[in-house]
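The following questions and answers examine the architecture of one protein chain.

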Amino acid sequence: MAYDAKIPYGLRDDRLIHVSQLSRGERGNRCACVCPECKSPLTARMGEVNRHHFAHAGGNRPCAKGAETGIHLAAKQMIADNLAIPVPLLQATVEGKNSQGYAVRESMLIFRGRDRQPVDKAQVEHHMGNIRPDLIVTLAGVEILIEVAVTHYIDAEKQQRLEARGLRCIEIDLGDIPRTVTPAELASYVYDQARAYWIVNPKLAAAEDALRPKLLQAIERENARIEKARQERADEDRRQREHYERMEAHYLAMESVAAEKRRKEEEEKRQRLQRERQQAAEDERRREAAEKQRQQQAWEHERQLLDLNGMRRQAQGIIEACQRLETHWQQAPMPSQYTLPMAKRHVPRALSRMEITEIPRALATSIPYDWLYGVPPQEWKLVAFLEEVYTHGRLRQEEWIPILGIERCLSDFGYRPVRPLHLATELQNTAQHYRVLGDDSSMLALAQLPKPRDAIAEFLGELASCSGSQC
Ligand SMILES: [Zn+2]
């Protein structure tokens with residue numbers, strides 16, 4: 001307890017003596033002071049090294065609060081001796097909250113405060129019923145309670161009692177000052193309004209009551225301002241939103257117009273294409289009609305140029321030629337219509353046994369015309385094979401006979417060209433095409449002649465039945 005052992009004040013005859021107030025002769029046990037707390041004898045330590053102080057005299061157990069009690073008592077005695085107190089700032093403040101939860105304050109300065117205020121009267125340890133303050137001072141007829149706090153501070157219960165009785169009370173806070181304080185230092189701590197504060201003061205409550213309406217007004221103004229700002233923000237938001245909506249509507253309208261324009265363009269394009277197609281079809285119809293008309297005109301022109309008498313003469317000539325052939329065949333050594341019997345004799349074997357797998361190349365490529373008019377080349381070649389020209393043996397040995405040889409063979413076998421029949425058909429076709437000579441007797445006679453194809457078909461049919469019956 002070395003700290004507490006250094007005591008600045010000792011008590012002598014109920015007066016507080018600071019160690020610095022001792023003379024050199026009063027050092028040590030001659031100081032005649034006792035501890036302010038435990039009242040046991042003190043010794044004054046007044047050496048050269050440490051700051052001078054009291055300590056509990058030898059053999060006495062040091063108490064815990066000798067220094068604090070001494071300071072407390074010295075401060076009280078200082079105020080009573082000086083008839084002066086520190087007066088703290090007296091300012092009423094009320095506080096509320098605005099609609100956003102932030103604090104709003106209203107303050108009123110009642111007294112600016114003073115470090116050292118002379119008083120008329122100071123009483124120490126004076127009772128006021130159940131309240132026992134350190135001091136009661138009187139200033140302009142008003143009593144003010146003074147509490148000096150070193151280790152003990154006023155609690156809430158005592159504050160309520162003071163308040164209930166409408167008293168004024170100042171507390172001086174010396175809790176943190178050095179325990180080795182000198183009287184001059186103690187005076188500077190005591191008379192410092194920053195260390196003093198009002199525990200209660202009726203003026204404070206009255207001022208707070210007066211401030212509350214102002215506070216409410218301030219809060220209302222604040223809330224109105226907040227509401228106005230909120231409204232302005234909402235208005236701005238709404239204006240923005242409306243602006244965007246207008247913009248969007250504008251763009252949608254533009255888009256709609258563009259879409260309508262595209263649709264119209266496509267429709268126009270479709271109609272134009274349709275018109276062009278119709279025009280092309282119309283042109284084609286006209287062209288075809290013109291072509292038809294041209295053909296008709298050409299046909300009529302050609303019809304006019306026809307040599308009808310020449311055609312009659314030609315028809316007459318064909319009929320006469322056929323009659324001559326008929327006569328010739330009747331007088332021939334081996335008379336036969338179209339020499340079919342002749343062919344039969346020269347077919348010694350069945351067609352099915354011919355075993356012809358392919359047409360000799362010489363025949364397929366080098367015969368420039370069909371000797372028998374109207375007979376398909378294939379059939380004509382078959383006829384040729386049926387003759388002795390291409391025997392089975394010759395085919396096997398691939399012995400080919402020149403075309404002229406084939407013609408000679410066919411001639412030898414009695415085949416005759418059917419050119420008169422071909423010419424007759426040609427003449428008939430021409431007359432029919434131009435619709436002329438429909439009732440001419442010569443032309444009617446031509447119609448009675450056998451047709452080349454009919455003649456050939458008859459011939460082939462006989463060949464087939466011949467081969468089937470092994471004739
Ligand atoms: Zn003591």
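Helix axes are lines fitted to C-alpha atoms over the stretch in contact, and angles run from 0 to 180 degrees between N-to-C directions. The model discussed here is predicted.

Q: At roughly what angle do the axes of helix α2 and helix α4 cross?
A: Helix α2 covers residues 66-82 and helix α4 covers residues 183-190. Their axes come within 10 Å and cross at roughly 70°. That makes α2, relative to α4, roughly perpendicular.

Q: Which residue classes make up the contact of α2 with α4?
A: From α2, the residues I71, A74, A75, M78 and I79 take part, and they meet L186, A187 and V190 in α4. By class, this contact has no polar and no charged residues, and its count of nonpolar residues is 8.

Q: Is L186 buried or exposed?
A: L186 is situated in helix α4. A residue counts as buried if 20 or more other C-beta atoms lie within 10 Å of its own. Because L186 has 20 other C-beta atoms within 10 Å, its class is buried.

Q: How far apart in space are L186 and I71, C-alpha to C-alpha?
A: Not counting residues up to four places away in sequence, L186 touches I71, A74, A75, M78 and V181. L186 and I71 are 115 residues apart in sequence. In space, their C-alpha to C-alpha separation is 8.1 Å.

Q: Which residues of α2 are buried?
A: The criterion is 20 or more other C-beta atoms within 10 Å of the residue's own. In α2, the buried residues are G66, A67, T69, G70, I71, H72, L73, A74, A75, K76 and I79.

Q: Where does L83 lie, and is L83 buried, partly exposed or exposed?
A: Just after α2, L83 takes a positive phi of about 55°, and L83 is a residue other than glycine. Its location is the loop between α2 and β5 (84-87). Because L83 has 14 other C-beta atoms within 10 Å, its class is partly exposed.

Q: Which strands stand at the edges of the open sheet of 5 strands?
A: The order of strands in this sheet is β9-β10-β11-β12-β13, and the pairing is mixed. An edge strand has a single partner strand, so one side of each is left without a neighbour in the sheet. On average, neighbouring strands are turned by 25° against each other, direction ignored. The edge strands are β9 (121-124) and β13 (196-200).

Q: Which residue of β12 is the bridge partner of I146?
A: Strands of a sheet pair through backbone hydrogen bonds, either parallel or antiparallel. The strands β11 and β12 run parallel and are joined by 5 bridges. The partner in β12 of I146 is I170.

Q: Which residue of β13 is the bridge partner of I170?
A: Strand β12 (residues 169-173) and β13 run antiparallel, with 4 bridges joining them. Within β13, the residue bridged to I170 is W198.

Q: Is A140 buried or exposed?
A: Strand β10 (residues 135-139) pairs with strand β11 (residues 142-149) in the antiparallel sense over 5 bridges, and T138 has E143 in β11 as its bridge partner. The hairpin of β10 and β11 has 2 residues between the strands, and there A140 takes a positive phi near 50°. Because A140 has 6 other C-beta atoms within 10 Å, its class is exposed.

Q: Which residue in the turn of the hairpin of β1 and β2 has a positive phi?
A: Strand β1 (residues 9-12) and strand β2 (residues 15-18) pair in the antiparallel sense over 4 bridges. One of the bridges joins Y9 to H18 in β2. The hairpin has 2 residues between its strands, and the turn residue with a positive phi of about 55° is D13.

Note on methods. Residues are numbered from 1 along each chain as its sequence is written. This is a predicted model: local features need pLDDT of at least 70, side-chain atom pairs count only at pLDDT 80 or more; totals for chains, interfaces and linings use all residues. Angles under 35 degrees count as roughly parallel, over 145 as roughly antiparallel, 65 to 115 as roughly perpendicular and the rest as oblique. Two residues are in contact if their C-beta atoms, placed from the backbone, lie within 7 Å. Ala, Val, Leu, Ile, Met, Phe, Trp, Tyr, Cys and Pro count as nonpolar, Asp, Glu, Lys and Arg as charged, and the others, Gly among them, as polar. A residue is buried if 20 or more other C-beta atoms lie within 10 Å of its own, exposed if 12 or fewer, and partly exposed in between; C-beta atoms are placed from the backbone. Two strands pair if DSSP finds at least two bridges between them.
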